[in-house]
Amino acid sequence: MADEIEYKRLDELSSYGKIGDDRLVCRYIEKHASKGIFRGDNPLHHDTSMLIIEIILIFIVGRMIQLLLKSCHQTQFISHVVAGIMLGPLFLGRYHSSYELLFPAASKLTLSTFAEFGMIIYFFKIGVQINPKHLFKFEKKTTIIGLVGHISSILSGIVVLSIVQRGSYLKSEVTGVIRLIILDALTAFSAISSLLNEINILNSEIGRMALSASMVSDASSWILFFSVANSIKNFNQTSFIPIVAMVVTVCYFTSLFFLLRPLVIWISNRNPRGKPMTEGHFLSIMFILLFIGFSAQSVGQPSFIVAFWFGLILPDGPPLGSILVERIDTIGSTLIVPAYCTISGMRTIVPPLSSQAACIVVVLLAGQIGKFAGTILPSLYFEIELWDSITLSLIMCCKGLIDLALYTLLFDNKDIGVLSFTLVIYTMVGVTGFATLVIYYIYDPSKKYKNNIRKSIKDSQQDLEFKVLVCVHNEENVHPLVNLLQVSNPSKATPFSVFVIHLMELSGRAAPILTKNENTEKSYPNGDSSYQQINNVFDQFQQQNKGSVSLECFTTIAPFASMHDDICYFVMNTNCHVVIMPFHKQWSINGNVEVSNPSIRTLNQKVLSKSPCSVGVLIDRSQMSGKPLVIYENSLCEIAMIFFGGADDQDALAFSFKMAQHPNIRLTVFWVRVNMHHIQRNMKNPYIDVMEHIKYNPNLKGKVNFKEEIVEDGIGTTHVIQTMEGHFNLVIVGRHHIADSRSTLGLTEWCELPELGPIGNLLASDFTFSVLVVQQQPFNLDAR
């Protein structure tokens, strides 16, 4: 009875009203412990309970919308905004009582505060991931594309606005629409980076151009928005207060750069290199960020924008960028960003069917059409292909989280009305959603290297030098790959051109990096010693084969989902004959799997399916067998090649012959075939190839053995392979063989690693020798 009286008193002391378009809530607040529903307490009367319920509801609805829009290839950002629109004006908002029950006005204020506080941290993380040095490294092509697209968007919007304004339909919304035209011309770098990363074209050719062009547009927008807009606003004032505010703002940003920036860098550098950031250092940086958020409000600047700019002036990448991504990105991407996007969508209204609304939409679309035209025309002028130009133009029209935050900022400051805010949100969702869907269907980064002249190991016999691309993930990959290169017998008669790419996952950065490694420590990102050590080993290999090997080392930092694009483009530009990839598993001395990285396996699968040259996957077990491949020494190395027939086996055989010319290598070729009444009559006898190579290359005499093994099915093949255990250092095999061959019968059905083929899968299971699986890339990539 006492509880009922208490809640009745709360209702009596709570009042609701409206001032203009804002609904105000005045409540009497008295904290009390929850007694539970069994004692008549209602959890909906507690702000904490309501906040939890609202976050759960936003998460569930957002996930459901995301699953529904996944078939339309929409990004998470669009899904969350649509979820807010659905929760707000379109569906739940129509039922006023239910909407007020789940999202009471007072609770929405708490939810908004939670989201806005999280956005400060999120935008700081986005700023840290951007390298400010890129702001001053614009190419002429991307600079012109970014500037022309930006200017044409503003001009198109202003021209259409002047035409529409003659009908006097916009009335009081004119000033707000002008602000939206200027702001809508923005193509934010952070938004484009997030979009490209989500649709897996971040480090494609068009993706890199879009990042550079968006950075130009981004810089132009900030200069225009802060310098021009604030200057006009200040000159319209008669007092000296605006001038004082500008001076204080400049001094504030100066103190951030010269005082707090060195402090954060000093704290970050205090952490031991190569080790995780300590809790104390991380909390110190977070306290500085909170102080920045408070001080930004004190000088009249939006907290999230100042946090973004402060992150921008800090060094990108590890350790600071990586630790922020590691510790707060999951919470931010799962709760904070969805909550902010959903709340923004909930603040919209059902747009009325009026001439005023139609005029605003026409003006906003005119700006987007101007952006599209201003991007595609200079792209075609610079001889970018038509479909690539269309893709680039569509990307530049896309919006993201920072655009939404700026629209919300204008709405909160009463610079635009609720109708303009609603229509710009709807236009953003429609244009970005349409552009993302079209990009998915018209742009495939692999088209360029699909149509490229294909190279193989067999083709190297007619070329002057053998070009190899070696991919390295860590220091453990280096010696096995160097040994493989050494036993491939580089010589002055058959020189090697070796390209090494150190593959690193993008972490703590917003833009991918592909750079050539120099022999100075300054050229290595973050001064990481592993770069130097990897290069030193390959440099030693080059010195030991002076005159026979030319070497170039590169580093690429990209997401694993699109890292294959860097590899394939590199192969295409250098005309490599083969790319060597390390296996995704590594074994210890006792035979246990030490490292198993599924991201590396996915990368290998994509390279195998898209590379415009032959691909070799090296499974290194030299630690287990105690028989490392020969390198710079006189020990004898036994290598076996298993031949079943087919293009891949022909390439594997050609690679084996290169190795057999090494003075310390002895090669055994096993021809595994079925009985004569099952044999394929069109299959060439590999013995003929062996004899031809020995006949025309005296270095092979006495070093190549040929064994013919007759089997009935896959079980017989397994027995043949088991006899190799303990006798060979390396076994080479093709990935694919003659289709429907009885020699692999029963092995295909139990293939756990299809990227290695049935025999490669068997060799990767329980043997101690190293394995090289070779694939000759077919001209038709869809053939397999």
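Where is Ser456 found?

Ser456 is found in the loop between helix H18 (447-450) and strand E3 (466-472). This is a predicted model. Ser456 has a relative accessible area of 5%, so the residue counts as buried. Neighbours within four places in sequence aside, Ser456 is in contact with His577, Ser614, Asp651 and Gln776.

## The chain as a whole

The chain has 784 residues, and 52% of them are buried. Its secondary structure comprises 27 helices and 15 strands. The accessible surface is about 36,500 Å². Carbon and sulfur atoms hold 60% of that surface.

Take the contacts between residues at least 6 apart: 80% of them join residues at least 24 apart.

In soluble globular proteins, nonpolar side chains tend to be buried together. Here the largest nonpolar core has 101 residues. Leu401, Leu404 and Ile425 have the most contacts inside this core. Helix H17 (residues 418-442) gives the core its largest share, 10 residues.

What does Ile425 touch, not counting residues up to four places away in sequence? The list is Val81, Ile85, Thr348, Leu404 and Tyr407. A second core is separate and has 47 residues. Val617, Val731, Leu762 and Phe769 are among them.

## Salt bridges across the sequence

How many salt bridges does the structure hold? There are 8. One of them joins the side chains of Asp184 and Lys399, at 3.7 Å from N to O. Asp184 and Lys399 are both buried.

Arg208 pairs with Asp566 in another salt bridge, with the closest N and O atoms 2.9 Å apart. Arg208 is in helix H9 (residues 205-235), and Asp566 is in helix H21 (residues 563-574). They are 358 residues apart, so this pair too links distant parts of the chain. Are Arg208 and Asp566 buried or partly exposed? Arg208 has 25% relative accessibility and therefore counts as partly exposed. Asp566 is at 5%, so Asp566 counts as buried. The cut-off for buried is under 20%.

The salt bridge of Arg601 and Glu755 has its closest N and O atoms 2.8 Å apart. Arg601 sits in helix H22 (residues 598-610). Glu755 sits in the loop between strand E14 (730-734) and helix H27 (757-763). The separation is 154 residues, and distant parts of the chain are linked. Arg601 is partly exposed, because its relative accessibility is 24%. Glu755 is buried, because its relative accessible area is 5%.

## Helix H11

Does the span of H11 agree or disagree with its 20 residues? Helix H11 covers residues 279-298. At 1.5 Å a residue, H11 should span 28 Å. The end C-alpha atoms are 29 Å apart, which agrees.

An α-helix has 3.6 residues a turn, so residues three or four places apart point the same way. The buried residues of H11 are His281, Phe282, Ile285, Met286, Ile288, Leu289, Ile292, Gly293, Ser295 and Ala296. After H11 comes Gly300, with a positive phi near 85°.

## Phe117 in helix H5

Phe117 belongs to helix H5 (residues 105-128). At 44% relative accessibility, Phe117 counts as partly exposed. Phe117 and Leu290 are 173 residues apart in sequence. In space, their C-alpha atoms are 9.3 Å apart.

## A nonpolar surface patch

Which residues make the nonpolar surface patch of about 460 Å²? They are Ile52, Ile56, Phe59, Ile60 and Met64. Ile56 has its place in helix H2 (residues 47-70). Its relative accessibility is 45%, so Ile56 counts as partly exposed.

Conventions. Residues numbered from 1 in each chain as written. Predicted model: local features only at pLDDT ≥ 70, side-chain atom pairs only at ≥ 80, totals over all residues. Heavy atoms only, no water. Helix = DSSP H or I, 4+ residues; strand = E, 2+ residues; numbered from the N terminus. Expected span 1.5 Å × (residues − 1). Buried < 20%, exposed > 50% of the residue type's maximum accessible area, 1.4 Å probe, protein only. Patch = residues over 30% accessible without salt bridge, like charges linked within 9 Å, V, L, I, M, F, W, Y side chains within 5 Å. Areas by Shrake-Rupley, 256 points an atom, 1.4 Å probe, with all protein chains shown as cover. Salt bridge = Lys/Arg side-chain N within 4 Å of Asp/Glu carboxyl O. Contact = heavy atoms within 4.5 Å. Core = buried A, V, L, I, M, F, W, Y, C linked by side-chain atoms within 4.5 Å.
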